[in-house]
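Visitor: Please take me through the ligand site in detail, and then through the parts of the chain that connect to it.

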Amino acid sequence: MLRAIYRTQQLTVKPHLPGIFRFFDWLPADHCLEVGGKPATYKSTYLAQRLGLAQLYISFNGYWPEREANLLTGSFKELEAPSVLARLPEHYRRTLVVASAGNTGRAFAHICSSLERSLYLVIPEKNLDAIWSTSKFYSGVRLIVVSGGGDYADAIALAKQIGQLDGFFPEGGAANVARRDGMGLTVLDAATTLGQIPAHYFQAVGSGTGGVSAWEANQRLLQDGRFGTQTMKLHLAQNSPFTPMVEAWKQGSRVLANRSEQVIKAQIDRVSAKVLTNRNPAYAIAGGVYEALIQTGGQMYAVTNPATIRARRLFKELEGIDISPSAGIATAALLQAVETDALQKTDCILLNITSGGTERIRQDYSLHYLSPRMAFSPREIHSGSALEHVEKQLLSV
Ligand SMILES: *Cc1c(COP(=O)(O)O)cnc(C)c1O
């Protein structure tokens, strides 16, 4: 994977810049955008006490006004959307195309709306209720759904087709440096808040992009030189029974096992954290999850649905805010690590709560939902007739 190299080797945080752009030095952008929200790092008291941990830090990525956490779509996908948009030249005319199962789509739809940027968003119809915003949507943000039981893989296929049309461009996924350096801000925010690089990093992964981003941020902080010499051990978790990376890692394999379509669909159906069900994660690729785990002495965890529910309850009871299933999986992995002595109780630990406070958002705001402009079945997508239809629509406006 391509990696960004920044002119400034030492990071200067610029708190006067909006949202994530306080880390402008290490974002692949030449201008800022007027957006709010950033990771909020704080030291846990009650969860730490319960687990007997001396230095447990939470990177809270979501909405929690008392902690100054203001990501209004409730997940860390809102760190990458502004970063991706700011990487484009100002006054760039082409329309961004994004495929998503939920959080990424909600983040891009919200951020593009607030900046009045056009967007084509493709999602499975069953994830429609994930596309909401605390403000009204801008008319240039257009939603297309995959109907007839189609899933994320079908949405990706259609987004790829549209992205190749004149006047459009695809977002790029894990390969987009702006996306990774946006997600890596959780680690930059933690290190600049604590004054040091943590020893352990816990996150739930689907595409693995966030794990890779954390590792890349760690390397930049090492080069900076002021945050210690720590290589952060990555502890990455997936939701059983869909755990392709965990299985490959435990077998010492760089390649993911081949599974039949039927097996994959059945596994995905049983997973509570649907945002983690990426079938083609950035695992084997050079600079991907496998290498990141090798280089950091990392580890992977499989977490069941009941363990996820318990961890979410525990977090809410002890820390005082609701967290998403994915964040529950990361928390459950931390519980496993404590039980199996995968860390020392005095170690500096960073737990990435990748999404939280959506219940709070619903209490504090009334939500707007985005209605789809078009719907296509998987068959229409794969035969090319969906794309023809989109092109016709474009010609008629
Ligand atoms: C996307 C997402 C993840 C997984 O992120 P990757 O690093 O891309 O695998 C975890 N939690 C939440 C809430 C997400 O939206």
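Guide: What follows starts at the ligand, moves to a helix beside it, and ends with charged pairs.

The model is a predicted one. The ligand has 17 residues around it, and those that come nearest are Lys77, Gly206, Ser207, Gly210 and Thr354. Sorted by class, this shell holds 6 nonpolar, 10 polar and 1 charged residues. Three elements each supply at least two residues of the shell: strand S9 (200–204), helix H7 (209–224) and strand S12 (348–356).

Several polar distances can be listed for the ligand's oxygen atoms. A polar backbone atom of Gly206 is 2.6 Å from an oxygen atom of the ligand. For Ser207, a polar side-chain atom lies 2.6 Å from a ligand oxygen. Thr209 takes part through its backbone, with an N or O atom 3.5 Å from an oxygen atom of the ligand. The ligand taken alone exposes 380 Å², of which the protein buries 97%.

Helix H7, one of the elements that supply the shell, deserves a separate description. H7 consists of 16 residues and spans 22 Å from its first C-alpha to its last, close to the 22 Å expected at 1.5 Å a residue. Of its 16 residues, 13 are buried, so H7 is largely enclosed by the rest of the structure.

Side chains of opposite charge can pair when their charged atoms come close. Arg220 and Asp181 meet through their side chains in a salt bridge, with an N to O distance of 3.3 Å. Asp181 belongs to helix H5 (residues 177–183) and Arg220 to helix H7, so this pair ties together parts that are 39 residues apart in sequence. Both Asp181 and Arg220 are buried.

The search of the whole structure finds 17 salt bridges, and some others can be set beside that pair. Lys38 forms one with Asp189, where the closest N and O atoms are 2.9 Å apart. This pair links distant parts of the chain, since Lys38 sits in the segment before strand S1 (40–43) and Asp189 in helix H6 (residues 185–194), 151 residues apart. Lys38 and Asp189 are both buried.

Asp364 and Arg360 meet at 3.4 Å, N to O, and both lie in helix H13 (residues 358–364), 4 residues apart, about one turn of the helix. Elsewhere, salt bridges that share partners join Asp151, Glu261, Lys265 and Arg279 into one network.

Asn127 is placed in the loop between strand S5 (119–124) and strand S6 (132–133). Asn127 is buried, with a relative accessible area of 13%. A polar atom of the Asn127 side chain lies 2.7 Å from the backbone oxygen of Ala101.

Notes: Residues are numbered from 1 along each chain as its sequence is written. This is a predicted model: local features need pLDDT of at least 70, side-chain atom pairs count only at pLDDT 80 or more; totals for chains, interfaces and linings use all residues. Side-chain values use heavy atoms; hydrogens and water are left out. A residue is near a molecule or strand if one of its heavy atoms lies within 4 Å of it. A polar contact is a pair of N or O atoms within 3.5 Å; within protein, one must be able to donate a hydrogen and the other to accept it, and residues adjacent in sequence count only if both atoms are side-chain atoms. Accessible areas come from the Shrake-Rupley method with a 1.4 Å probe; for residues, only the protein chains shown count as cover. Ala, Val, Leu, Ile, Met, Phe, Trp, Tyr, Cys and Pro count as nonpolar, Asp, Glu, Lys and Arg as charged, and the others, Gly among them, as polar. The expected span of a helix is 1.5 Å times one less than its number of residues. Buried means under 20% relative accessible area, exposed over 50%, partly exposed in between (1.4 Å probe, protein chains only). A salt bridge is a side-chain nitrogen of Lys or Arg within 4 Å of a carboxyl oxygen of Asp or Glu.
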